[in-house]
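The following exercises are intended for a reader meeting this structure for the first time. Each task is followed by a solution in steps.

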Amino acid sequence: MMAKDRSEPEFDRELSDLPPELRWREWMRRIEAVLFASASPVPREDLARVVGQGASVDLLVEDLAADLEGRAFEIAQVAGGWMFRTRPVYAPAIRAAADVSDQLLDLNEFDVAILAAIAYHQPITRDGLKDIFGKEISRDLIGRLHAHGLIGTGPRAPRRGAPYTFVTTDAFLAAFGLESLRDLPDPEQLNDAGLAARA
Amino acid sequence: MTFARPEHSIDTDTLPRMPAWVTSARAETLEDVAFLSGAALNHLHLVLGRAEVPQALFRDRLALRAAEACVGFSGRSERAGELRDAVHLLRPGDLPGPAGETCLAWMRAVERPVSIKALGRALPTLEPGQIAAWLDAGKGSPVTRAAMVLEAVLREAPRADVPGLILADAALAQGLGWEHLVPLLAARLKRADLRKHGDDFRLAFHRALISSVIEAARQAADLARRVTHLKAVAPKLRAKGAGDAVEMFLTRDAVAPSALPLPDRAARRLCDRLVDLGAVRELTGRDTFRLYGV
């Protein structure tokens with residue numbers, strides 16, 4: 001075997017030797033490849049680097065999404081980028097097939113309730129959570145959410161000992177398919193529907 | 001006990017006042033609001049040209065006000081005090097949280113002269129090409145240009161009201177020949193205004209600008225008066241590093257004693273002394289983690 005030439009040829013973004021129609025399809029396929037290879041949302045500027053200068057990433061993604069009509073997965077816009085995601089109707093099938101290491105599956109209901117409280121009331125301290133739930137929130141639970149990358153530490157609370165506050169992360173948005181925190185259900189509407197007990 | 005009374009010692013009439021025909025006018029037509037917003041902006045332009053106005057401090061305080069408005073648009077309940085806390089109690093490596101993020105964006109946007117790079121630092125999720133394209137999305141008079149920028153951003157990215165408002169204020173500053181962004185639009189726009197289009201949008205835009213500029217001019221005069229007093233009492237401070245500390249108060253909305261270039265106890269004593277002299281205020285109302293500002 002011959003030694004491989006280490007210097008990679010310049011990556012051709014423009015594809016100027018292809019006719020426009022084929023060029024567009026090739027850009028779509030590149031975006032598809034990048035999204036497929038990534039486990040986390042890919043921001044627009046990263047996708048822009050694999051297509052021609054001035055080519056609209058949004059339009060390419062739109063065309064790609066249209067192509068995926070009828071497939072079991074789709075492109076979701078999440079936390080300022082895009083990612084592939086299986087369509088929700090196939091969740092039971094995926095769960096039935098395997099012991100999926102979904103980052104949310106090993107969280108129990110109470111974990112998720114705490115996570116929701118952090119999402120709505122961030123930045124919030126462990127004491128603040130205790131006030132909402134009427135009981136001590138264990139360091140274990142906070143540690144679990146932290147280990148999943150769903151929460152991070154925020155600004156210190158201006159209180160004795162300057163305790164840490166907790167805030168949600170971009171991974172939290174991705175895990176719940178939210179584009180931004182604004183996609184959280186409106187707390188007032190939840191209240192009106194009697195679904196949320198506000199502290 | 002005697003307290004310094006800055007009001008009597010300083011001539012407040014050195015700064016021109018906004019004419020009453022601007023402050024008390026009730027304009028209903030697009031033509032009238034456009035005329036008044038132009039008049040108000042020109043007045044602010046003259047006020048900002050005065051050496052007595054502490055420019056950086058003025059912008060920092062308006063940035064906080066703009067951030068408060070934007071946090072409100074996003075359905076959150078944090079007020080200015082909480083935003084200040086989020087920014088001043090943030091340690092390296094910690095996340096600012098949604099409200100803190102908005103506040104940092106505004107504070108960074110006013111820190112350096114308007115440029116694509118400076119705006120990119122304030123809005124790190126946007127690519128420079130996008131910022132440049134949006135900043136250039138308007139034409140015509142400065143206010144029309146700013147309105148077109150905001151419209152363009154919200155049309156293409158309906159949730160991007162923070163970038164939209166920052167870029168619109170940046171376009172306004174450029175149009176008026178100001179070196180720095182002065183946050184004026186967010187404070188008086190309502191959430192519903194951001195969903196308006198065409199003439200309704202223009203009308204709301206001018207109206208928000210008129211009342212915001214009137215308020216900003218008042219605030220500039222007020223800050224000019226306060227810093228004149230601070231500068232007047234500064235020579236009385238004998239602590240080492242007091243000069244640098246005063247310089248920080250002259251440029252920032254709020255300062256934590258721990259951020260001052262003095263040992264902790266000396267920093268706290270200096271803040272107490274400045275409060276006694278009527279030169280700065282304690283802003284939080286707390287006994288600990290206090291923040292001070294002019």
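The exercises below concern a predicted model and proceed from its confidence to its chains, their interface and selected residues.

**Exercise 1. Confidence**

Task: Determine where pLDDT stays under 50 in chain B, and state how that stretch should be read.

Solution: 
- Step 1. For the model as a whole, the scores are ipTM 0.80 and pTM 0.79.
- Step 2. Chain B has an average pLDDT of 92, and 96% of its residues score at least 70.

**Exercise 2. The make-up of chain A**

Task: Describe the order of elements in chain A and the share of its residues that is buried.

Solution: 
- Step 1. Chain A contains 9 helices and 5 strands.
- Step 2. Read from the N terminus, their order is α-β-α-α-β-β-α-α-α-α-β-β-α-α.
- Step 3. Of the 199 residues in chain A, 31% are buried.
- Step 4. The accessible surface of chain A is about 12400 Å², with 52% belonging to carbon and sulfur atoms.
- Step 5. Considering contacts between residues at least 6 apart in sequence, 49% join residues at least 24 apart.

**Exercise 3. A nonpolar patch**

Task: Identify the residues that make a nonpolar surface patch of about 280 Å², and decide whether A:Val89 is buried or exposed.

Solution: 
- Step 1. The patch is made by A:Val89, A:Tyr90 and A:Ile94.
- Step 2. A:Val89 is found in the loop between strand 3 (81-86) and helix 4 (91-97) of chain A.
- Step 3. The relative accessibility of A:Val89 is 64%. Exposed means over 50%, so A:Val89 counts as exposed.

**Exercise 4. The interface**

Task: Characterise the interface of chain B and chain A by its contacts, buried area and salt bridges.

Solution: 
- Step 1. In chain B, 22 residues are in contact with 26 residues of chain A.
- Step 2. The two chains bury about 1700 Å² between them, 52% of it on carbon and sulfur atoms.
- Step 3. There are 3 salt bridges across the interface. B:Asp94 and A:Arg156 form a salt bridge through their side chains, at 3.7 Å from N to O.

**Exercise 5. Surroundings of a cysteine**

Solution: 
- Step 1. B:Cys70 belongs to helix 4 (residues 55-73) of chain B.

**Exercise 6. Salt bridges within a chain**

Task: Compare the placement of the salt bridge of A:Asp67 and A:Arg25 with that of B:Glu215 and B:Arg218.

Solution: 
- Step 1. Over all chains the count is 27 salt bridges.
- Step 2. In the pair A:Asp67 and A:Arg25, the closest N and O atoms are 2.5 Å apart. This pair links distant parts of the chain, with A:Asp67 in helix 3 (residues 57-67) and A:Arg25 in helix 1 (residues 20-37) of chain A, 42 residues apart.
- Step 3. A:Asp67 is partly exposed at 42%, and A:Arg25 is partly exposed at 34%.
- Step 4. B:Glu215 and B:Arg218 meet at 3.5 Å, N to O. Both lie in helix 12 (residues 198-233) of chain B, 3 residues apart, about one turn of the helix.

Terms used: Residues are numbered from 1 along each chain as its sequence is written. Chains are lettered from A and ligands numbered from 1 in the order in which they are written. This is a predicted model: local features need pLDDT of at least 70, side-chain atom pairs count only at pLDDT 80 or more; totals for chains, interfaces and linings use all residues. Side-chain values use heavy atoms; hydrogens and water are left out. Helices (H or I, at least four residues) and strands (E, at least two) are DSSP runs, numbered from the N terminus. Buried means under 20% relative accessible area, exposed over 50%, partly exposed in between (1.4 Å probe, protein chains only). Contact means heavy atoms within 4.5 Å. Accessible areas come from the Shrake-Rupley method with a 1.4 Å probe; for residues, only the protein chains shown count as cover. Patches are made of residues with over 30% relative accessible area and no salt bridge: like charges are joined within 9 Å, nonpolar side chains (Val, Leu, Ile, Met, Phe, Trp, Tyr) within 5 Å. A salt bridge is a side-chain nitrogen of Lys or Arg within 4 Å of a carboxyl oxygen of Asp or Glu. pLDDT is the predictor's confidence in each residue, from 0 to 100. Buried area is the accessible area (1.4 Å probe) that two parts lose on being put together, summed over both.
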